[in-house]
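The entries are grouped by topic.

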Amino acid sequence: MYQISVVTKWCKGCGLCADFCPKNVYDFTMGHPPVPAREADCIGCKICELKCPDFAITVEVKK
């Protein structure tokens, strides 16, 4: 239902997206960009997008 995009060039690997995700969508290792490993579990709340200090994450409805 939702597509998650991570701009790895902008991401500093802080992990806020993974910390705040209510559905545990991301796999994350400190210092590395998050991987939306469970994208199908995303509910489109966009908390990850709102919390990202680098504006590196976007959540969009799949077409």
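**Basis.** I worked from a predicted model, in which local features need pLDDT of at least 70 and side-chain atom pairs count only at pLDDT 80 or more, while totals for chains, interfaces and linings use all residues. Residues are numbered from 1 along each chain as its sequence is written, and side-chain values use heavy atoms, with hydrogens and water left out.

**Salt bridges.** I looked up the charged pairs, taking a salt bridge as a side-chain nitrogen of Lys or Arg within 4 Å of a carboxyl oxygen of Asp or Glu. Side chains of opposite charge can pair when their charged atoms come close. I found three salt bridges in the structure.

I noted that Asp54 and Lys12 meet through their side chains at 3.6 Å, N to O. Asp54 is in the loop between helix 2 and strand 2 and Lys12 in the loop between strand 1 (2-6) and helix 1, so this pair ties together parts 42 residues apart in sequence. For these elements I used DSSP runs numbered from the N terminus, with helices (H or I) of at least four residues and strands (E) of at least two.

I then recorded Asp27 with Arg38, whose closest N and O atoms are 2.9 Å apart. Both Asp27 and Arg38 lie in the loop between helix 1 and helix 2, so the parts that the pair ties together are eleven residues apart in sequence.

Glu39 lies in the loop between helix 1 and helix 2 and Lys62 in the segment after strand 2, so the pair ties together parts that are 23 residues apart in sequence.

For exposure I used relative accessible area, with buried under 20%, exposed over 50% and partly exposed in between (1.4 Å probe, protein chains only). Lys12 counts as exposed at 51%. Asp27 is partly exposed at 38%, as are Arg38 at 27% and Lys62 at 43%.

**Aromatic side chains.** I searched for aromatic pairs, meaning rings of Phe, Tyr and Trp (its six-membered ring) with centres within 6.5 Å, where planes under 30 degrees apart count as stacked, over 60 as edge-to-face and the rest as tilted. The structure holds zero such pairs. I did find Lys51 over the face of Phe20, at 4.6 Å from the ring centre; the criterion is NZ of Lys or CZ of Arg within 6 Å of the ring centre and within 35 degrees of the ring normal.

Which residues form the nonpolar patch on the surface? I listed Val7, Trp10 and Phe55, with about 350 Å² of accessible area together. Phe55 lies in the loop between helix 2 (47-51) and strand 2 (57-61), and is exposed at 64% relative accessible area. I also noted that Phe55 has a positive phi of about 55° although it is not a glycine.

Asn24, likewise not a glycine, has a positive phi of about 55°.

**Cys21.** Is Cys21 buried or exposed? I recorded Cys21 as buried, with a relative accessible area of 16%. Cys21 is in the loop between helix 1 and helix 2. The C-alpha atoms of Cys21 and Ile43 are separated by 9.7 Å, the two residues being 22 residues apart along the chain.

How values were computed
Patches are made of residues with over 30% relative accessible area and no salt bridge: like charges are joined within 9 Å, nonpolar side chains (Val, Leu, Ile, Met, Phe, Trp, Tyr) within 5 Å. Accessible areas come from the Shrake-Rupley method with a 1.4 Å probe; for residues, only the protein chains shown count as cover.
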